[in-house]
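Colleague: I would like to learn how to read ring pairs and helix faces in a model. Please take me through a case.

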Amino acid sequence: RLAMDPARHQVTWDAREVSLTVTEFLILEELARRPGVIKSRNQLMDAAYPDDIFVDDRTVDSHIKRLRRKFRSADPEFSAIETLYGAGYSFSDG
């Protein structure tokens, strides 16, 4: 259901385009790389931000919230990004 084109920075969900920021794209790419695998906030921050930038781990929560909102605009039933409290996030394309 998810299609990502890193060269063009394009994302579609069920053939509907979803416009993402660079940071949102990088976080989604990290989650989608291994569906079902839990990624911690730190792992997602490492994927989305250079080493020399300090970012509070709660910033990832804000990005996830925006990702969900954008995908729900394309599909009101979107639930592919799951929160595992105390562990992190996972992605399920099913």
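Modeller: We start with the aromatic rings and then turn to a helix. This is a predicted model: local features need pLDDT of at least 70, side-chain atom pairs count only at pLDDT 80 or more, and totals for chains, interfaces and linings use all residues. Numbering runs from 1 along each chain as its sequence is written, and side-chain values use heavy atoms, without hydrogens and water.

Colleague: How many aromatic pairs are there by the rule?

Modeller: Rings of Phe, Tyr and Trp (its six-membered ring) pair if their centres lie within 6.5 Å; planes under 30 degrees apart are stacked, over 60 edge-to-face, the rest tilted. The count here is 4. Trp-13 and Phe-78 pair edge-to-face, at 5.0 Å between centres and 80 degrees between planes. They sit 65 residues apart in the chain.

Colleague: Why is the pair of Trp-13 and Phe-91 edge-to-face?

Modeller: Their planes lie at 85 degrees, with centres 6.5 Å apart, so the pair is edge-to-face. Ring pairs join Trp-13, Phe-71, Phe-78 and Phe-91 into a cluster.

Colleague: Is Trp-13 buried or exposed?

Modeller: Buried means under 20% relative accessible area, exposed over 50%, partly exposed in between (1.4 Å probe, protein chains only). Trp-13 is buried, at 1%. Phe-91 is also buried, at 1%.

Colleague: Where do the buried residues of helix 3 fall?

Modeller: Helices (H or I, at least four residues) are DSSP runs, numbered from the N terminus. Among the buried residues of helix 3 are Ile-64, Leu-67 and Phe-71. Down the axis, the buried residues fall within an arc of 160 degrees, so they line one face. That arc uses directions from the helix axis to the C-beta atoms. On the other side, Lys-65 and Ser-73 are exposed.

Note on methods: Helix = DSSP H or I, 4+ residues; strand = E, 2+ residues; numbered from the N terminus.
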